[in-house]
Amino acid sequence: MAEQSVDGAATEESLAKKMKAIEPEEASKVADSVHDTALRLSSFQMTRILNVNSMRKQLMVEGTFKGQESPAIVIMEKKVFPEDDIFLKRGFFNEGTIIRKVYSNDVYGNYECFPTREHNGLNVTIIHPASQKHLDKFSRKELYLVNETYEIYESVTLPYLESNSFSLQWVDNILSHKAEYDKIIYEDKDKEKGFIMLPDLKWDGTLASLDILVLAKKRIKSLRELNDSHLPLLRNIRDTGTDVIKKKYNLSSSQLRIYLHYQPSYYHLHVHFSYLMHEVPGIHCEKAHLISTVINNIEIVPDYYQKAVLSFVVKENDPLCKKYQESGVLTVIDSQTEI
Ligand code: G7M
């Protein structure tokens, strides 16, 4: 699923995730890799910009290193600013800093600034030799918004989900205490309104990036299936979940973003609890549904989620995107076409 972040750590992690998605047989083809020699970036000839992400301040380019036939991918990413005491004492600007005025208006001045080398670092990831899979993975993909009615859900989305039987093994392992048992923060064993609360795989454990996952005990596919019979479960997750976090992490419910994803990556109902100050990927309006709104919608209209249009984004080339295309739900333009 698409991810967005203003946080360097999350960005690096999503990069790592992308790279993990390329399977070992690809990696084993590292016959003569530039990583085995003293790397000279000046010998890198850029051939194509694969993607630019202005939000994450990333540039991904394809090219070749001198003397190498196989392509390489170079990913550059601006570094996150430090916020520690050492940095505060040392300061950011010095004699070498260059500053140019762009304009000023009243008390506001806009400048272009070129800090000295130590503040100009980039995180650089180099993939060499890069396979076609790597190139596809890092290439820009057009995004499309699907406005899914319940009829579209029943006729396109659901059959696709059922025919693809995505593995929920990791969820079942947690629910049956076969995995991550020692990580469980709280468990309510009730079959109907019970749940397990544990750290999200992505959470580094720091309070500043609190990211906790709640898995319902009951098998419910997603937000789409929720109705008034699930209100006790949803209220229990919201209320008990916030109580547990208050006691353990001293964060109040008003400091938490508690939400569900639609479409989720895994079709077993789960709720995300994250620290409001932490801008985790997937919190945007085309994907995240606050639990408070979900509960309220069902309180007003018991079968709200079997009536409402739910909007979400699919990526060009996603199998689900192709299904929507085939069924006429989406018209996809060729992203290579000049507009
Ligand atoms: O809402 P969505 O389906 O996009 O999110 C699923 C969440 O499950 C993500 O935030 C993942 O980081 C998290 N997750 C995925 N796996 C495979 C695991 C896992 O094995 N353990 C834990 N604790 N979280 C996981």
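**Notes on the predicted model**

1. Let's start with helix 8, whose buried residues pack against helix 7 (231-249), strand 11 (256-261), strand 12 (270-275) and strand 13 (288-290). Buried means under 20% relative accessible area, exposed means over 50%, and partly exposed is in between (1.4 Å probe, protein chains only). Contact, or touching, means heavy atoms within 4.5 Å.

2. A word on where this comes from: the model is predicted, so local features need pLDDT of at least 70 and side-chain atom pairs count only at pLDDT 80 or more, while totals for chains, interfaces and linings use all residues. Residues are numbered from 1 along each chain as its sequence is written, and side-chain values use heavy atoms, with hydrogens and water left out.

3. Which residues of helix 8 are buried? In this helix (residues 291-300), they are Ile291, Val294, Ile295, Asn297 and Ile298. Looking down the axis of helix 8, you'd find its buried residues within an arc of 160 degrees, so they line one face of the helix. The arc is that of the directions from the helix axis to the C-beta atoms.

4. Zooming out, the chain has nine helices and 14 strands. Of its 339 residues, 41% are buried. Take the contacts in the chain with a separation of 6 or more: 64% of them are between residues 24 or more positions apart.

5. Now the largest nonpolar core, which has 50 residues. A nonpolar core is a set of buried Ala, Val, Leu, Ile, Met, Phe, Trp, Tyr and Cys residues joined through side-chain atoms within 4.5 Å. The members that touch the most others are Met197, Leu210, Ile212, Leu226, Ile245, Phe273 and Tyr324. Leaving out residues up to four places away in sequence, Met197 touches residues including Ile184, Ile185, Val244, Ile245 and Phe273. There is also a second, separate core of nine residues, among them Leu168 and Val171.

6. What comes nearest to the ligand? Of the 13 residues around the ligand (a heavy atom within 4 Å), the answer is Glu180, Asp200, His261, Ser265 and His272. Polar contacts are pairs of N or O atoms within 3.5 Å; within protein, one must be able to donate a hydrogen and the other to accept it, and residues adjacent in sequence count only if both atoms are side-chain atoms. A polar side-chain atom of Asp200 is 2.5 Å from a ligand oxygen atom, and one of His272 is 2.7 Å from a ligand oxygen atom. On its own the ligand exposes 540 Å², and the protein buries 89% of that.

7. Glu180 sits in the loop between helix 6 (169-175) and strand 8 (186-188), and is partly exposed, at 24% relative accessible area. Asn317 isn't a glycine either, yet has a positive phi of about 80 degrees. You'll find Asn317 in the loop between strand 14 (310-315) and helix 9 (319-326).

8. Finally, check two cis peptide bonds. One joins His128 and Pro129, with omega about -5 degrees; Pro129 is in the loop between strand 6 (122-127) and helix 4 (132-138). Another runs from Tyr262 to Gln263, with omega near -5 degrees, and Gln263 is in the loop between strand 11 and strand 12.

Methods. Helices (H or I, at least four residues) and strands (E, at least two) are DSSP runs, numbered from the N terminus. Accessible areas come from the Shrake-Rupley method with a 1.4 Å probe; for residues, only the protein chains shown count as cover.
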